[in-house]
Amino acid sequence: MLFANGFNLFELIIKVSVGLSLLMTVALFAALILVRSRNAIYRRRQIVLTARWRGLFDRAASGESLHGSLPKIRKQDWFTVLAIYTQFRGIYDVAIRLGIDDYALSLLERGDDADKIVALNVLGEIRDVRALESAVVLTRREGPELSRTAAHCALRIDSSFIAGTLRLLLVRDDWVRSRVEVMLREVDANVLGAAMRDAIADAPQEALPRLLDYVRFCPADSAHRICDDVLTTSHNPEALAAALRSLAPLAQDRDHAMAVRFTNHEASIVALSALRVLRKCVRSDDRELLARMTSHPDYWVRLRAAEAAVQLFPTVELAQAFSASLADRYARDAIEQVLAEKVMVAGRR
Amino acid sequence: MIHGIRSDDIISVEFFLFIYFIAINAYYFFTGSIALMRLPWYVKLHLADPVRRSTSTLDQPVTFVVPAFNEEALIVQSLRSMLALEYVNFEIIVVNDGSTDGTLFALDSAFELEPYEGIYRPGLATQGVKEIYQSARYPQLRVIDKVNGGKGDALNAALNLARFPLIFSADADSHYHPATLQWMTEPFQQDPRTVAVGGTIAVASSEQHLPKSLIKRFQVLEYLRAFLATRMGFAPLNALGIVSGACGLWRKDILIECGGFRTDTIWEDMEMTMRVHNYCISTGRAYRVAFTPYPVCWTDVAPTLRALYNQRKGWHRHLCECVTIHRRMLFGRGGFFSWVTMPYFVFFEWLAPVVVTGGIIFSIAGAVLGFLDVRSQLWLLALVLTLAVFGSVVSILLDEISFAAYGLGEVSQLLIAALLENFGYRQFVMLANLAGFAAWLFRRPIHGSTKHPGPFVKAWRPDKPRLSD
């Protein structure tokens with residue numbers, strides 16, 4: 001009896017579960033049909049919309065004046081139109097005639113993160129000063145995409161915000177660096193150079209490397225001065241290494257003494273970066289130093305020292321002779337490695 | 001008493017099976033719900049930001065590592081897709097892991113290999129390296145020709161040669177989206193705690209969007225369930241249990257600190273993911289294992305039942321190896337990983353073939369011997385069926401609200417496949433998993449896998465490392 005009751009109860013539970021799961025599956029199936037249909041309509045509309053608005057913005061961008069009334073934008077199409085608009089440059093008139101600026105402003109106030117990103121891109125492109133305050137506030141938001149886009153927008157509207165942007169870069173190590181590059185490249189290089197110098201002078205030592213990576217977008221003389229300043233004032237190995245790294249592409253003969261000095265630094269990362277500078281201004285009297293550095297315990301230091309050493313010799317044979325004169329097998333390996341790369345590249349040319 | 005079996009025991013077994021199915025599906029419901037909340041946000045964010053495809057010299061350089069064993073047919077085509085990646089600074093290291101076919105010859109013909117005279121630093125012990133080559137056409141492409149040692153061994157050899165701080169583990173028979181590295185390196189920059197990023201793999205098809213073969217379609221459903229419904233659900237909790245070997249980006253330093261890839265397991269991806277979790281948790285390191293749901297990798301799936309059987313047998317064996325190696329993580333102090341992912345792996349993946357097969361045998365025996373009511377068994381079967389279809393419909397819906405990869409006709413075909421897979425296919429896969437479980441239990445070698453054969457091909461003694469003296 002008990003068995004029968006237990007079985008009946010169990011069967012009832014299973015039946016209820018089947019009913020529930022069936023119901024959920026049917027509901028999900030209905031949702032799928034709904035989403036699928038909506039997507040199909042959306043895709044068709046997207047094709048028409050993209051063709052229409054891209055064509056129109058293309059014409060505007062090519063300088064053609066658009067007479068007559070412009071097509072009206074339906075509520076559900078705004079996001080797409082704004083996203084298309086952000087791919088064009090310098091067509092402010094059309095944007096204002098269409099009311100794109102007003103809609104983007106409203107989206108900035110009430111939309112979600114993605115809406116705000118689109119709005120910020122549009123308002124930054126239009127240089128709409130009404131968005132500046134909101135953009136500056138949004139730069140303090142947690143999300144890396146939104147805060148970075150807000151900074152980009154603020155910078156486009158008011159180039160003096162470069163100082164604020166560089167201050168943000170000191171703390172926002174979550175901003176994707178390729179996007180920061182896009183942002184900084186839009187700023188006048190001289191303005192960036194001056195702002196970078198001030199920002200680096202005021203920055204805490206531990207945050208310096210983050211800014212120094214972007215020094216390459218400043219004019220060469222300004223970048224050189226910034227790196228010099230850091231190298232003469234800082235004692236932080238990370239900052240010194242970053243400054244030397246940024247200096248390497250700009251290195252000249254006058255940097256030789258400094259590069260040699262830093263090759264003796266106790267931190268490998270500093271010695272490594274110093275060798276990158278030295279490679280650009282190596283002299284024949286560095287031979288002994290480089291022979292010593294190719295035996296450094298750190299592989300990368302050995303390799304960079306070998307790269308610098310190979311610059312001293314006009315032919316591969318002379319470099320090989322230098323390698324053979326080295327007692328340390330790791331030093332020989334490093335030279336061999338560099339020569340292998342060099343020969344391969346030369347052969348390809 | 002019925003046929004010598006106590007009736008309350010019968011109810012207990014039935015109730016256990018019922019609870020087990022409900023618990024498995026509750027897990028899917030849980031991860032599916034997280035994915036349903038996260039995916040639309042992710043997709044809209046991608047649409048909103050048109051400059052996100054930019055690439056810069058400031059991006060971290062990446063070493064693309066491609067282990068290859070008898071991949072003559074596909075490797076050249078795959079490497080061409082890798083060489084076309086839109087990224088400023090990356091190198092590709094192919095490891096010919098003792099192939100017995102013409103893999104090396106195919107590479108030489110296509111990429112004009114020349115001996116590479118640089119130094120190979122054997123920091124991680126591997127089977128002997130015979131020769132290292134560099135492409136005359138593509139300076140960023142190098143090939144290590146080594147004695148067979150399994151996929152983990154091949155990856156370790158590549159780690160020894162890799163120059164860059166990020167390591168992308170790739171498969172020689174997969175194809176990659178040109179923006180793969182741009183998308184997958186972003187989490188490393190957005191969160192410095194990131195140690196690994198798993199990418200989404202989709203099923204490649206030469207015929208049309210959805211493969212014509214029913215076996216492949218079933219696998220499409222499995223990939224949708226695995227990546228969109230399960231991994232997308234685990235990732236926000238920092239509980240991703242597997243970074244796929246075909247599409248995973250790792251910090252090189254963490255791989256080295258963990259001692260490189262294991263060579264005594266049949267595969268390496270899940271074990272390395274678990275080891276990284278284990279290592280970071282035990283050393284108190286703040287870390288994140290991220291996931292990118294955008295499909296960036298397309299792979300060929302098993303075309304025949306035999307290949308599928310071998311593949312799943314191998315996968316399950318690897319799972320068995322991983323849960324036993326890292327058993328201390330279960331209900332340990334690893335947060336969501338220990339309390340959500342590990343129980344899922346142990347109870348609903350590792351033990352599933354045993355429980356399900358036991359359940360099927362119990363039901364059949366009960367029906368034949370008459371100690372189970374056939375009607376209640378049919379109801380139970382109906383429950384299993386509806387829940388299975390439910391799980392598949394969730395994953396199709398997830399695809400539809402995110403990337404909408406399939407057309408109307410294809411979605412209909414997938415729905416039909418979602419129903420059909422319950423009649424034979426799932427049982428077949430379960431059987432392969434059971435064979436994998438047995439192979440692990442009795443330590444039997446697995447032969448004839450569609451992918452890498454692991455360390456079971458006869459291993460040679462290591463050659464002398466290629467140092468200059």
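1. Val65(B), Val66(B), Ile93(B) and Ala158(B) touch the most other members of the largest nonpolar core, which has 129 residues. A nonpolar core here is a set of buried Ala, Val, Leu, Ile, Met, Phe, Trp, Tyr and Cys residues joined through C-beta atoms within 7 Å. Helix 12 (residues 374-402) of chain B gives this core its largest share, 13 residues. Apart from this core lies another, of 95 residues, including Val81(A), Ile117(A), Val215(A) and Ala309(A).

2. This is a predicted model; local features need pLDDT of at least 70, side-chain atom pairs count only at pLDDT 80 or more, and totals for chains, interfaces and linings use all residues. Residues are numbered from 1 along each chain as its sequence is written, and chains are lettered from A and ligands numbered from 1 in the order in which they are written.

3. Take Ile93(B). Leaving aside residues up to four places away in sequence, Ile93(B) touches Thr63(B), Val65(B), Val66(B), Arg142(B), Ile144(B), Ala158(B), Leu161(B) and Ala162(B). Contact means C-beta atoms, placed from the backbone, within 7 Å.

4. Now the overall form of chain B. Chain B has 14 helices and ten strands (DSSP runs numbered from the N terminus: helices are H or I, at least four residues; strands are E, at least two). Its C-alpha trace spans about 80 × 55 × 50 Å along the principal axes. Of its 469 residues, 50% count as buried (20 or more other C-beta atoms within 10 Å of a residue's own; 12 or fewer is exposed, in between partly exposed). Among contacts in chain B with a separation of 6 or more, 81% join residues 24 or more positions apart.

5. Next, the two chains together. In chain B, 52 residues are in contact with 50 residues of chain A. Helix 1 (7-48), helix 5 (180-190), helix 12 and helix 13 (408-420) of chain B each supply at least two residues of the side that touches chain A. Helix 12 of chain B brings the largest share, 15 residues.

6. Two loop residues deserve a look. Asn238(B) is not a glycine, yet its phi is positive, near 55°. Asn238(B) sits in the loop between helix 6 (214-234) and strand 9 (247-251) of chain B. It is partly exposed, because 19 other C-beta atoms lie within 10 Å.

7. Phe331(B) is not a glycine either, and has a positive phi of about 50°. Its loop runs between helix 9 (305-325) and helix 10 (335-350) of chain B. Phe331(B) counts as exposed, because it has 11 C-beta neighbours inside 10 Å.

Note on methods
Contact = placed C-beta atoms within 7 Å.
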